[in-house]
Amino acid sequence: MPRVPAKPNRGPAAARENRDAILAAAREVFGERGYDAPLSAVAQRAGVGQGVLYRHFPSRLDLAFAAFESHWHEFEELAAADSPDAVLQMWQRLIELAIFERAFIEMFVDQRRQHADYDGGTRMQALLSAPLERAIAAGRVDASLTTEDLLLGVAMAYGVVVTTVDADGLVDTVARALARAGLLPPAAGESDGRRA
């Protein structure tokens, strides 16, 4: 019987490919099944064993942070923009994530409950703070609006998402709930003093 040559050990190249595959799979699985999706499903989707997954990401939070790191970069870029509308863009993006990628929000909720030292909320408030001040100075939002109010709106949107049975019209339902609470931002170009 002819001897089958062993596969060459690809070392760091395989490790990088495995990591990338795990992150892509995590974004898909979390997007489909939420933050509590079994990590075995992520490993299976990535085509790796669970040991490989845990070697790269020892905990669910490590994996979620890495999977959603692009969102943090996006918020950092928006926060750095000089536009008085940057905070509105950030807030609208948070609402979109609450609706379409709720695992990102669930990561905050779960970790705040389980880890007193988790700083995701503080990190987001810090990113929102300067853009909010610029928006208030420009008269784009109510002067009494706080970063806590913005995150409350996100929590409200998330609450609507997870309690809605029929996903049809979910965006409109969230918008209606936020409008009733006075937390719907003005459309781009408007400056009517409504709360964001």
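Author: A helix is a DSSP run of H or I with at least four residues, a strand is a run of E with at least two, and both are numbered from the N terminus. This is a predicted model, in which local features need pLDDT of at least 70, side-chain atom pairs count only at pLDDT 80 or more, and totals for chains, interfaces and linings use all residues. Residues are numbered from 1 along each chain as its sequence is written, and side-chain values use heavy atoms, with hydrogens and water left out.

Reader: Is Arg93 buried or exposed?
Author: Buried means under 20% relative accessible area, exposed means over 50%, and partly exposed lies in between, with a 1.4 Å probe and protein chains only. Arg93 has 18% relative accessibility and therefore counts as buried.

Reader: Which residues is Arg93 in contact with, leaving aside its neighbours within four places in sequence?
Author: Contact means heavy atoms within 4.5 Å. On that basis Arg93 is in contact with His71, Glu74, Phe75 and Glu101.

Reader: With which residue does Arg93 form a salt bridge?
Author: A salt bridge is a side-chain nitrogen of Lys or Arg within 4 Å of a carboxyl oxygen of Asp or Glu. The partner of Arg93 is Glu96, and their closest N and O atoms are 3.2 Å apart. Both residues lie in helix α6 (residues 86-100), three residues apart, which is about one turn of the helix. Glu96 is partly exposed, at 37% relative accessibility.

Reader: How many salt bridges does the structure hold?
Author: It holds eight salt bridges. One of them joins Arg16 and Asp20, with the closest N and O atoms 3.6 Å apart. Because these two residues are four residues apart in helix α1 (residues 12-33), about one helical turn separates Arg16 from Asp20. Asp20 has a relative accessible area of 36% and is partly exposed.

Reader: Which parts does the salt bridge between Glu28 and Arg45 tie together?
Author: The side chains of Glu28 and Arg45 meet at 2.9 Å, N to O. Glu28 belongs to helix α1 and Arg45 to helix α2 (residues 39-46), so the pair ties together parts that are 17 residues apart in sequence. Glu28 is partly exposed at 40% relative accessibility, and Arg45 is partly exposed with a relative accessible area of 40%.

Reader: Let us return to His71, please. Where is its place, and which residues does it contact beyond its neighbours within four places in sequence?
Author: His71 is part of helix α5. With a relative accessibility of 7%, His71 counts as buried. Its contacts, leaving aside neighbours within four places in sequence, are Arg93, Leu97, Glu101 and Phe104.

Reader: How does one describe the way in which two helices cross?
Author: Axes are lines fitted to C-alpha atoms, for helices over the stretch in contact, and angles run from 0 to 180 degrees between N-to-C directions. The axes of helix α4 (residues 60-67) and helix α5 (residues 69-80) come within 4 Å and cross at roughly 50 degrees. Therefore α4 is oblique to α5; angles under 35 degrees count as roughly parallel, over 145 as roughly antiparallel, 65 to 115 as roughly perpendicular and the rest as oblique.

Reader: Which residues make the contact of α4 with α5?
Author: Phe65, Ala66 and Ala67 take part from α4, and Glu69, Ser70 and Trp72 from α5. These residues comprise four nonpolar, one polar and one charged. Here Ala, Val, Leu, Ile, Met, Phe, Trp, Tyr, Cys and Pro count as nonpolar, Asp, Glu, Lys and Arg as charged, and the others, Gly among them, as polar.

Reader: How far apart are Pro131 and Leu78, in sequence and in space?
Author: They are 53 residues apart in sequence and 8.6 Å apart in space, C-alpha to C-alpha. Pro131 lies in helix α8 (residues 120-137) and is buried, with a relative accessible area of 1%. Not counting residues up to four places away in sequence, Pro131 touches Ala79, Ala86, Val87 and Met90.

Reader: What does the secondary structure of the protein come to?
Author: The protein has 10 helices and zero strands. Of its 196 residues, 40% count as buried. Among contacts with a separation of 6 or more, 63% are between residues 24 or more positions apart.
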